[in-house]
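Hi,

Here is the structure we talked about. Please open it next to this email and follow along.

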Amino acid sequence: MNCLAPSILSADFGQLGTQIQMVDEAGAQYLHFDVMDGHFVPEISFGLPVLRSVRKYTDRILDVHLMVSNPEHMIAEYVEAGADIITVHAESCVHLDRIVHLIKEANVLAGVALCPSTPISVLENILPDLDMVLIMTVNPGYGGQTLIPYTLDKVRDLRSMIRKKGLNTDIEVDGGINLDNVSEVLDAGANIIVSGSSVFRGDINDNVEQFLEIMR
Ligand code: DX5
Ligand code: ZN
């Protein structure tokens, strides 16, 4: 099933609760929560206190994207704060297998994200243990960027790797996804669509409805 995951990084933080309720009521199945530590990526965004508040505003799937160094130290706290999925970057984990199992043992879904230039081959062995792979279609750290075209080849290759292994792993794509390119991204094999600026800029309700119509 195709799902929309609005990224609240692009929301108006002065009315975050209202805007979360808007995307929830418009039918977005996930809410994408971008944690940035100013070290793994240049920007600092938000973290646990905000997640605890956000959890109170929606029952949708809280999809936490950890763009942080050393994520292994914070898994339990993000689970406690209400994460349903925790995605760590392969590039920030020396012991990725151990961290993935730490997440799964906490009974939340485990995702691994790849920066644009990181080949999908790094996931070959651990793929059967993953619930989701997040293919970054921009360089992480900012909303409002343009999709990097070669990343769609990674989505296509990953979808065929999943099929060959007889798995049904979700592929989430994140960065620069808009109403004009979302069909191409779905055709490449993604089934969870993160979008920040194309949801939260302009008419939020209308943006979500248009995305969901295309994604049906
Ligand atoms: C970037 C984040 C993305 C970003 C998407 O590092 O991981 O989730 O918020 O924003 P848009 O859709 O505006 O590119
Ligand atoms: Zn993200």
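**Salt bridges in the model**

Arginine 60 is partly exposed, at 27% relative accessibility. Keep in mind that this is a predicted model.

What does arginine 60 meet in a salt bridge? Its partner is the side chain of aspartate 24, with 3.2 Å from N to O. Aspartate 24 sits in helix 1 (residues 16-25), while arginine 60 is in the loop between helix 2 (48-55) and strand 3 (61-67), so the pair ties together parts that are 36 residues apart in sequence. Aspartate 24 is buried, at 18% relative accessible area, because the cut-off for buried is under 20%.

The count for the model comes to 6 salt bridges. Here are two more of them.

Glutamate 124 pairs with lysine 165. Their closest N and O atoms are 3.4 Å apart. This pair also links distant parts of the chain, 41 residues apart. Look for glutamate 124 in the loop between strand 5 (109-114) and strand 6 (132-136). Lysine 165 is in the loop between helix 5 (151-164) and strand 7 (170-174). Glutamate 124 is partly exposed at 34%, and lysine 165 is partly exposed at 35%.

Now go to helix 5. Aspartate 153 forms a salt bridge with arginine 156 there, with the closest N and O atoms 2.8 Å apart. The two residues are 3 apart in helix 5, so about one helical turn separates them. Aspartate 153 has a relative accessible area of 41% and is partly exposed. Arginine 156 is partly exposed too, at 36%.

Best wishes

Definitions and conventions:
Residues are numbered from 1 along each chain as its sequence is written. Chains are lettered from A and ligands numbered from 1 in the order in which they are written. This is a predicted model: local features need pLDDT of at least 70, side-chain atom pairs count only at pLDDT 80 or more; totals for chains, interfaces and linings use all residues. Side-chain values use heavy atoms; hydrogens and water are left out. A salt bridge is a side-chain nitrogen of Lys or Arg within 4 Å of a carboxyl oxygen of Asp or Glu. Helices (H or I, at least four residues) and strands (E, at least two) are DSSP runs, numbered from the N terminus. Buried means under 20% relative accessible area, exposed over 50%, partly exposed in between (1.4 Å probe, protein chains only).
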